[in-house]
Amino acid sequence: MSLATATGRPPGQGRRPEGGGRSTGTWFLVLPAVLPILVLSVGPLLYGMSLAFTDAQSGRTAPTHFVGVLNFADLLHDSLFWESFRIGMVWAVGVTVPQFLLSLGLALLLTQRLRLRWLVRVLAIVPWAMPEVVVGVMWRLVYHPDAGVLNETLRRLGLSHLLGLEDGRDWLSGLGTALPAVIVVGVWAGMPQTTVALLAGLQNVPGELREAATVDGAGAWRRFTTVTWPAVRPVALAITALNFIWNANSFALVYVLTDGGPGGRTRLPMLFAYEEAFRYGQFGYAAAMGMVLVAVVAVLLGVFLAARLRGDRTYRVEER
């Protein structure tokens with residue numbers, strides 16, 4: 001006797017759907033990954049946003065009151081904050097653009113059939129393995145006015161006399177050289193991950209297309225613009241956006257190198273917010289700074305991505 005005859009209904013009818021148990025099991029599998037994010041990222045973020053609307057200060061006995069948008073109103077008239085924001089944008093753009101261009105050139109070089117290419121690839125990612133604090137201490141030694149590698153190299157090449165650096169230049173303490181010197185360090189420290197990302201994108205460029213372009217008489221620049229760049233464009237867009245976010249939120253590297261000096265010439269917004277919170281105890285005001293920075297960076301990044309995506313659509317239409 002079949003199951004349909006014995007029960008009076010077709011097989012499977014009246015059974016509990018299998019999706020409910022499966023979805024519950026999926027949540028249990030995802031929970032270990034989501035829980036740390038909620039506790040360590042989302043929770044502190046929401047707490048920091050709530051502090052921005054209070055007058056929270058350091059000290060266990062200091063009372064906290066809700067002040068609405070008073071902190072944001074004070075920021076509008078804080079010239080030091082807007083000066084640090086200007087410096088932060090100069091830093092973010094000044095690091096991100098050269099970082100991308102140099103990394104692209106290095107990635108293109110590493111795709112060539114060079115001798116000891118594997119060794120060059122390993123050396124190219126060495127800065128990535130170094131903590132930012134170690135990088136900052138190392139470059140402080142490089143920029144040292146008396147025993148630094150940079151001044152000594154200029155002296156041995158005979159360039160110190162031409163540049164007026166006979167007594168050595170304190171690159172990190174000069175009002176005109178501190179920010180460019182720090183930008184150089186930021187570019188050097190951030191190149192490895194950009195190079196690796198672009199190198200991975202270049203590996204996806206079909207070799208047949210390059211060979212076909214070469215047979216058709218296309219030069220190196222023509223092959224790059226018509227074959228290589230269209231294939232690596234999505235990776236370039238993603239890594240550039242990530243680099244801009246990372247550089248706009250930089251803290252440790254500049255803190256170790258200059259601590260925001262001299263005269264605030266390298267005081268990035270995150271460093272300014274850190275000082276307000278942990279040096280002067282103004283937690284609410286510092287939280288408001290953080291919210292403004294996040295909002296501005298999100299808007300700038302949105303405009304950048306929209307422009308790049310619009311350019312990609314235009315490029316595809318013209319290609320068709």
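Guide: Among contacts in the protein between residues at least 6 apart in sequence, 65% join residues at least 24 apart; contact here means heavy atoms within 4.5 Å. The model is a predicted one, in which local features need pLDDT of at least 70 and side-chain atom pairs count only at pLDDT 80 or more, while totals for chains, interfaces and linings use all residues. Residues are numbered from 1 along each chain as its sequence is written, and side-chain values use heavy atoms, with hydrogens and water left out.

The protein has 14 helices and 0 strands. Helices (H or I, at least four residues) and strands (E, at least two) are DSSP runs, numbered from the N terminus. Buried residues make up 34% of the 320 residues; buried means under 20% relative accessible area, exposed over 50%, and partly exposed in between, with a 1.4 Å probe and protein chains only. The protein exposes about 19700 Å², of which carbon and sulfur atoms supply 66%. Such areas come from the Shrake-Rupley method with a 1.4 Å probe, and for residues only the protein chains shown count as cover.

Two packed helices are described by the angle between their axes and the distance between the axes. Axes are lines fitted to C-alpha atoms, for helices over the stretch in contact, and angles run from 0 to 180 degrees between N-to-C directions.

The crossing of α4 and α9 is right-handed. A crossing is right-handed if the near helix is turned clockwise from the far one by less than a right angle, and left-handed if anticlockwise. The residues of this contact of α4 with α9 comprise 20 nonpolar, 7 polar and no charged. Ala, Val, Leu, Ile, Met, Phe, Trp, Tyr, Cys and Pro count as nonpolar, Asp, Glu, Lys and Arg as charged, and the others, Gly among them, as polar.

Another partner is helix α11 (residues 220–248), which packs with α9 at an angle of about 160°, the axes being 8 Å apart. That makes α9 roughly antiparallel to α11, and the crossing of α9 and α11 is right-handed. On the α9 side, the contact is made by Q193, T194, A197, L198, G201 and L202; α11 contributes T228, V232, V235, A236, I239, N243 and W246. By class, the contact of α9 with α11 has 8 nonpolar, 5 polar and no charged residues.

Q193 has its place in helix α9 and is buried, with a relative accessible area of 17%. Leaving aside neighbours within four places in sequence, Q193 is in contact with W128, I239 and W246.

Q203 also lies in helix α9, but at 47% relative accessibility Q203 counts as partly exposed. The C-alpha atoms of Q203 and T228, 25 residues apart along the chain, are separated by 10.0 Å. With neighbours within four places in sequence set aside, Q203 is in contact with T111 and R121.

Notes:
Parallel < 35°, antiparallel > 145°, perpendicular 65-115°, else oblique.
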